[in-house]
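Subject: Structure handover

Hello,

Please find the structure below. My notes on it follow.

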Amino acid sequence: MTIASDDIRQLIRLDTGEIDRRIFVDEEIFELEMREIFGRAWLFLCHETQIPKPGDFFEATMGRDNVLVVRQRDRSIKAFLNTCTHRGNAVCRAEEGNTRNFMCTYHGWTFDLAGDLVGVPGMETYYGNRLDKSKHGLKKVSQLDSYKGFVFATFDPTAPPLEEFLGATGRLSIDLLAERADEMEVIPGVQKFIVDCNWKLPTDNIPDWYHPQITHMSAVSSDVLPGLRVQEEIVDGGGAKTPDGQRIEQLPQGRFTVTDCVTVLGEYGHYIGGPRNGPRDEATPRPWRTRPGFVEAVGPVGMEANGHPSIFPHLWIVTSSGQVSVRIPRAANKTEIWWWGFRPKNASDEEKAMLLAHQTHVFGPAGILEQEDGENWAQGTMHSYGEHSSQIPHLLKMNIGHGQVIHEHGLARIESALNEHPQLWQYASWQAWISGASWDELLRRTTPGDRM
Amino acid sequence: MTITERSDIRTIETLLLQHEVEQFYYEEAALLDAHQYDHWVDLFTEDTHYFMPIRRTMSRRQLDKEFTKPGEMAFFDDTKEILRGRARKFNSGTAWAEDPPSRTRHLITNVQIKQIEEDELEVSSNFLLYRTRLKSEVDQWVGRRQDRLRQTDGGLRIARRYIFLDQTVLLSRNLSNFF
């Protein structure tokens, strides 16, 4: 069954918090996402510090397209598709590095650092000089810009400027990482791994502070890392029991037990979702939060919101450990997850070691948290294929209808108990995106109202 | 003693050492495949470093940058304390990625003693870790381990293990096993 005949509006029910599971496996939906979301939105490519010298390049993804992000001789940055304009072969088959030019190893067409075609074997003898090289440069992205070192690009020439697309919520999300120090840099090495799931399930998981107490119970109870277990708390198990009958509320809980949340909703589907900054965070000190530049940059809402920021469609900024992750759709049921780690350029050796330890031990495929996450996403995807299983909605009902939106400091936020508003906000925005709305219409439909 | 006899003794000593190292690896592999993680962690020295760098597809002329180095990003970058924590996590009864447990087979081959020092050995070995999970999932990882083994009163112990995987983008949804 495909969704072609269905009304896209029926897929996301904001009144009941019910999402049609077929959006995780339907091929037509996936094609719509590639065209309407990944073909139009500003997408994160890399950080400027990954390509400091002329000729440095990093291969990034924009949906199913691979793009080369290249530092130019004049220090600017350009990005173009990694596919030869002659017969399609990649012009570069390394993930990153430094080069003087890109030569396709099929017939030898050669492109300079700006992607312009500068060499064609047999130009005179075979082509009789009748090939217009200026027409066959590597296809450039339509717009490229960076915000505080974070490089983004879009394939849509009519997309609003990056800062407008990010809006106050997206900019704050990046500020929460970029303003930790005078200068942040990427630690060499990007973790990349493939999960057999739809990209929206790991994205839906970003602001999910409901799952850690169960999914990540082993990480908390076994004290692998200091600070995860804050205290022995009795939690509301709601009747949940392990298969051997042990009541969930008797199990050790930690800093994932969240009752007081600050949810920030932004235009185009961005959000920050999770707990309010509070005493629980003293277990893992965050000294940068008192840095004068930081306080000034993130403002009063940024100082309160301690949840997970997400920039639509697939960028997650982890403010605690100083990391970012993208969840790259490669097929409806295949997602690449990439993780970058950041550190202050002038950090002491001790500070660098502490940050790196946090980054390698928590997330990524061997991370004591993310080891478990993949299971939820892969199984959730697999069971969206069943003729009958797919008819059961994906539920986001927690505190639905009780989120009063406060419009203040140029941001829209909800102060409430734990909720699933950020996920619902993302799906509502997703719906506006795939319906092919114009940029004006998209902005109107993704501007937060007064209630969630 | 003739020169031939002395050389024979050296040959026998080399063979015995090779045998000891190989038996150590077989016993270690058996512990992992039996999910005896506490006993497995006991095989590491207190100052050990367990490290699996990120590998990147690089052009031939930049192969020196293929692997990240200590101090850079990695898949595993563990002290003994972290290894102990990981073992506790797997034994906690709530590490869902390993419940139902995966089925693993660690095949260790090409064991080469590269260097012999007073109480330490530099040893390179190849591995094939075959894993099935749940009903139909299969993963296999092939690679090389570069170990520093230390002679202690309790026998050989791993003072450093670098794991070089023969993959760049990791083709599995997690690394919930040890190498």
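L134(B) counts as exposed, because it has 11 C-beta neighbours inside 10 Å. Its place is the loop between β4 (120–133) and β5 of chain B. The backbone there deserves a look: L134(B) is not a glycine, yet its phi is positive, at about 50°. Keep in mind throughout that this is a predicted model.

N110(B) is a second case. Its phi is also positive, about 50°, and it is not a glycine either. N110(B) sits in strand β3 of chain B, whereas L134(B) is in a loop. N110(B) is exposed, since 9 other C-beta atoms lie within 10 Å.

For background, most residues other than glycine have a negative phi, and most peptide bonds are trans.

In chain A, the peptide bond from F312(A) to P313(A) is cis, with omega near 5°. P313(A) belongs to the loop between β17 (308–311) and β18 (315–318) of chain A. In chain B, the bond from D99(B) to P100(B) is cis, again with omega near 5°. P100(B) is in the loop between α3 and β3 (103–116) of chain B.

One more residue in chain B: T152(B), in strand β5 (residues 137–152). T152(B) counts as exposed because it has 11 C-beta neighbours inside 10 Å. T152(B) and E120(B) are separated by 32 residues in sequence. Their C-alpha atoms are 9.4 Å apart in space.

Now the chains as a whole.

Chain B
- Its secondary structure comes to 3 helices and 6 strands.
- Along the sequence the pattern reads α-α-β-β-α-β-β-β-β.
- The C-alpha trace spans about 60 × 45 × 30 Å along its principal axes.
- Of its 179 residues, 30% count as buried.
- Take the contacts between residues at least 6 apart in sequence: 57% of them join residues at least 24 apart.

Chain A
- It has 10 helices and 23 strands.
- The C-alpha trace spans about 80 × 60 × 45 Å along its principal axes.
- Buried residues make up 48% of the 452 residues.
- For contacts between residues at least 6 apart in sequence, 66% join residues at least 24 apart.

Within chain A, look at one helix pair. Helix α2 (residues 162–178) packs on helix α6 (residues 292–304) at an angle of about 110°. Their axes are 9 Å apart. The angle falls in the range 65 to 115 degrees, which makes α2(A) roughly perpendicular to α6(A). The crossing of the two helices is left-handed. On the α2(A) side, the contact uses L172(A), D175(A) and L176(A). On the α6(A) side, it uses A297(A), V298(A) and G302(A). These residues divide into 4 nonpolar, 1 polar and 1 charged.

Last, the interface. Which elements of chain B give two or more residues to the side that touches chain A? First the totals: 32 residues of chain B are in contact with 38 residues of chain A. The elements in question are β2 (74–78) and α3 (80–91) of chain B. α3(B) gives the most, with 5 residues. By type, the chain B side divides into 14 nonpolar, 11 polar and 7 charged residues.

Best wishes

Conventions. Residues are numbered from 1 along each chain as its sequence is written. Chains are lettered from A and ligands numbered from 1 in the order in which they are written. This is a predicted model: local features need pLDDT of at least 70, side-chain atom pairs count only at pLDDT 80 or more; totals for chains, interfaces and linings use all residues. Axes are lines fitted to C-alpha atoms, for helices over the stretch in contact, and angles run from 0 to 180 degrees between N-to-C directions. Helices (H or I, at least four residues) and strands (E, at least two) are DSSP runs, numbered from the N terminus. Angles under 35 degrees count as roughly parallel, over 145 as roughly antiparallel, 65 to 115 as roughly perpendicular and the rest as oblique. A crossing is left-handed if the near helix is turned anticlockwise from the far one by less than a right angle, and right-handed if clockwise. Two residues are in contact if their C-beta atoms, placed from the backbone, lie within 7 Å. Ala, Val, Leu, Ile, Met, Phe, Trp, Tyr, Cys and Pro count as nonpolar, Asp, Glu, Lys and Arg as charged, and the others, Gly among them, as polar. A residue is buried if 20 or more other C-beta atoms lie within 10 Å of its own, exposed if 12 or fewer, and partly exposed in between; C-beta atoms are placed from the backbone.
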